[in-house]
Amino acid sequence: MMEYARIEAAVSAYEKTATPFDLMRLRLFSALWGIMARTEARSADAAKAFADAVDAEELRADAAQGIPFMANHPIPVDGESLADVVELLVSCVADAKVYQADVNTALTSLNIRQLIYVSDLDLASVDPERYLNSLVEAMRGFGIDGATITILTGLVSLGLRALLEPAADALMTAVGAQAVADAASRNCPVCGGRPSLAVLAERKHPQSSGRRLACLQCGTTWSWDRFACPHCGNGDFTTLGYRTLKGDEAHRVDYCKECGNYIRTAIIPTEFHPVSIDVEDCMMAQLDAFAAEGAQTSTPPAASASTRGA
């Protein structure tokens, strides 16, 4: 579940050091995360009931075979609920006036409900990433301009996560963290999406447990070897490395020369620091452009709302 109190604490921790641009983004996304958190809270009981009806042994078998839980146990996505939350998110962005007037007009003039109803909601229940890709194609078919498509896709992604995360969290609880760790899955064990970022605790940190990967489409996090590429599994340290932006030692790009991929990584300092994968994602949005400058990198990680342009 999205812990909004943790998000607020993490945002507060960055307020003294963040750039004006990052602060603007944090404040916008804080409002969006608040909408999502309230949506998730309303479906918590239904999510638990859904997970209770699933055989935990079947989930463990899926994990062992590398099959995302949603492939065999689709999380129901109600079109009306998705349209409701996306409309709230669109209104929030429009009210913030972070985009030019013509972009705001384009966003608010769209018939969100119609777009959601004509989309393949069954696919959203099984494979969110493919669903979003199909939605992009549908919007192109409607003649919606590219900038609006990019922003709206990010907001639909957030809205969809608000509906998926309570059940995703309940499924992870049912299967147990150890079973997921033993499976050593590179992709999200719940929805199958590629990891959007990693969180690495310093060795002396009291909560240090190696590296955790995060899927920002369903909110799932899972353990991964701190010395292996999360894309290909390569553990040869001579072909692994990282790059940091000058003046920011808390965030870096971990890259693999073997497969040419990279992942943005947040470093948890030794002293207490509230960590939110959403806040870290927002603070690391610029690292994708930074990574593209390096000859070692080629393929970006899974997109998130912050990197899609919301």
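**Notes on a predicted model**

1. His73 counts as buried, because its relative accessibility is 12%. Buried means under 20% relative accessible area, exposed means over 50%, and partly exposed lies in between, with a 1.4 Å probe and protein chains only. The model is predicted, so local features need pLDDT of at least 70 and side-chain atom pairs count only at pLDDT 80 or more, while totals for chains, interfaces and linings use all residues. Residues are numbered from 1 along each chain as its sequence is written, and side-chain values use heavy atoms, with hydrogens and water left out.

2. His73 is in the loop between α5 (69–72) and α6. Helices (H or I, at least four residues) and strands (E, at least two) are DSSP runs, numbered from the N terminus. With neighbours within four places in sequence set aside, His73 is in contact with Phe50, Val54, Glu58, Leu59 and Asp62; contact means heavy atoms within 4.5 Å. The side chains of His73 and Glu58 also make a polar contact at 3.4 Å. A polar contact is a pair of N or O atoms within 3.5 Å; within protein, one must be able to donate a hydrogen and the other to accept it, and residues adjacent in sequence count only if both atoms are side-chain atoms.

3. At the N-terminal end, Asp78 caps α6, with a side-chain oxygen 3.3 Å from the backbone nitrogen of Glu80. Lys97 has a positive phi of about 55° although it is not a glycine, and Lys97 is exposed, with a relative accessible area of 65%.

4. Which residues of α6 are buried? They are Gly79, Leu82, Ala83, Val85, Val86, Leu89, Val90, Cys92, Val93 and Ala94. An α-helix has 3.6 residues a turn, so residues three or four places apart point the same way. The buried residues of α6 pack against α2 (20–42), α7 (101–109), α8 (112–118), α9 (121–124), α10 and α11.

5. Helix α10 (residues 128–141) and helix α11 (residues 146–175) have axes that come within 10 Å and cross at roughly 145°. Axes are lines fitted to C-alpha atoms, for helices over the stretch in contact, and angles run from 0 to 180 degrees between N-to-C directions. The crossing of α10 and α11 is right-handed. A crossing is right-handed if the near helix is turned clockwise from the far one by less than a right angle, and left-handed if anticlockwise. On the α10 side, Pro128, Tyr131, Leu132, Leu135, Val136, Met139 and Arg140 meet Ile149, Leu152, Thr153, Val156, Ser157, Leu160 and Leu164 of α11. By class, this contact has 11 nonpolar, 2 polar and 1 charged residues. Here Ala, Val, Leu, Ile, Met, Phe, Trp, Tyr, Cys and Pro count as nonpolar, Asp, Glu, Lys and Arg as charged, and the others, Gly among them, as polar.

6. The axes of α2 and α11 come within 8 Å and cross at roughly 35°, and this crossing is right-handed. Phe29, Leu32, Met36, Thr39 and Glu40 of α2 make the contact with Leu155, Leu158, Arg161, Ala162, Leu163, Glu165 and Pro166 of α11. The classes here are 8 nonpolar, 1 polar and 3 charged residues.

7. Is Thr239 buried or exposed? Thr239 counts as buried, because its relative accessibility is 15%. Thr239 lies in the loop between β3 (221–224) and β4 (240–244). Its side chain makes a polar contact with the side chain of Asn234 at 2.7 Å and reaches the backbone oxygen of Asp236 at 2.9 Å. Beyond four places in sequence, the contacts of Thr239 are Asn234, Tyr255, Cys256, Lys257 and Glu258.

8. His251 is in strand β5 (residues 251–256) and is buried, with a relative accessible area of 3%. Its side chain makes polar contacts with the side chains of Tyr14 at 3.1 Å and Glu280 at 2.6 Å. Not counting residues up to four places away in sequence, His251 touches several others, including Thr244, Thr265, Ala266 and Leu287.
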